[in-house]
Amino acid sequence: MVLLIIALAACGSKVNESNYTKIEIDMTEEQVRSLLGTPTDSSGINVAGLSGTSSKWVSKEGTINVQFLNGKVKAKAFSKPSGQK
């Protein structure tokens, strides 16, 4: 059990710049979740037949924000914690 925990910790977070670059416009929300895991925070809205979701994944390596329209990526952003280059 201890070895499993150590192995998982060594893998690091899925929330990193490398995985951010794999997110493409029009990917589905399911595809992004399979790449990054469950978002740290997510909120949605439905208006006139359109559904929008803003999801955020946070780790010590950075923050990934993704905006979905009707379940597909329409915008994304990556930011590193202040003080990191």
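Hi everyone, and thanks for having me. Please keep in mind that what you see is a predicted model.

Let's start with the sheet. Four strands make up an open sheet, ordered E1-E2-E3-E4, with antiparallel pairing. E1 and E4 are the edge strands, each of them pairing on one side only. From one strand to the next, the twist averages 10°.

E1 covers residues 41–47 and E2 covers residues 50–59, and the two pair in the antiparallel sense over 7 bridges.

Which strands does H3 lie across? H3 lies across E2, E3 and E4, and it runs at about 5° to E2.

As a general point, nonpolar side chains in soluble globular proteins tend to be buried together. Here, the largest nonpolar core has 13 residues, and Ile23, Val32, Leu36, Trp57, Ile64, Val66 and Val73 are those with the most contacts inside it. Helix H3 (29–36), strand E3 (62–69) and strand E4 (72–79) each contribute at least two residues to this core.

Leaving aside neighbours within four places in sequence, Ile64 is in contact with a list of residues including Val15, Tyr20, Ile23, Leu36, Trp57, Ala77 and Phe78. Asn16, Ser55 and Lys56 are among its contacts too.

Two of those names, Tyr20 and Phe78, take us to my last stop. How many aromatic pairs are there? The count comes to 1. Tyr20 and Phe78 form that pair, and it is tilted, with 5.6 Å centre to centre and 40° between the planes. Why is it worth a look in sequence terms? Tyr20 belongs to helix H2 (residues 17–20) and Phe78 to strand E4, so the pair ties together parts that are 58 residues apart in sequence.

And is Tyr20 buried or exposed? Its relative accessible area is 16%, which means that Tyr20 is buried, given the cut-off of under 20%.

Definitions and conventions
Residues are numbered from 1 along each chain as its sequence is written. This is a predicted model: local features need pLDDT of at least 70, side-chain atom pairs count only at pLDDT 80 or more; totals for chains, interfaces and linings use all residues. Side-chain values use heavy atoms; hydrogens and water are left out. A nonpolar core is a set of buried Ala, Val, Leu, Ile, Met, Phe, Trp, Tyr and Cys residues joined through side-chain atoms within 4.5 Å. Buried means under 20% relative accessible area, exposed over 50%, partly exposed in between (1.4 Å probe, protein chains only). Contact means heavy atoms within 4.5 Å. Two strands pair if DSSP finds at least two bridges between them. Axes are lines fitted to C-alpha atoms, for helices over the stretch in contact, and angles run from 0 to 180 degrees between N-to-C directions. Rings of Phe, Tyr and Trp (its six-membered ring) pair if their centres lie within 6.5 Å; planes under 30 degrees apart count as stacked, over 60 as edge-to-face and the rest as tilted.
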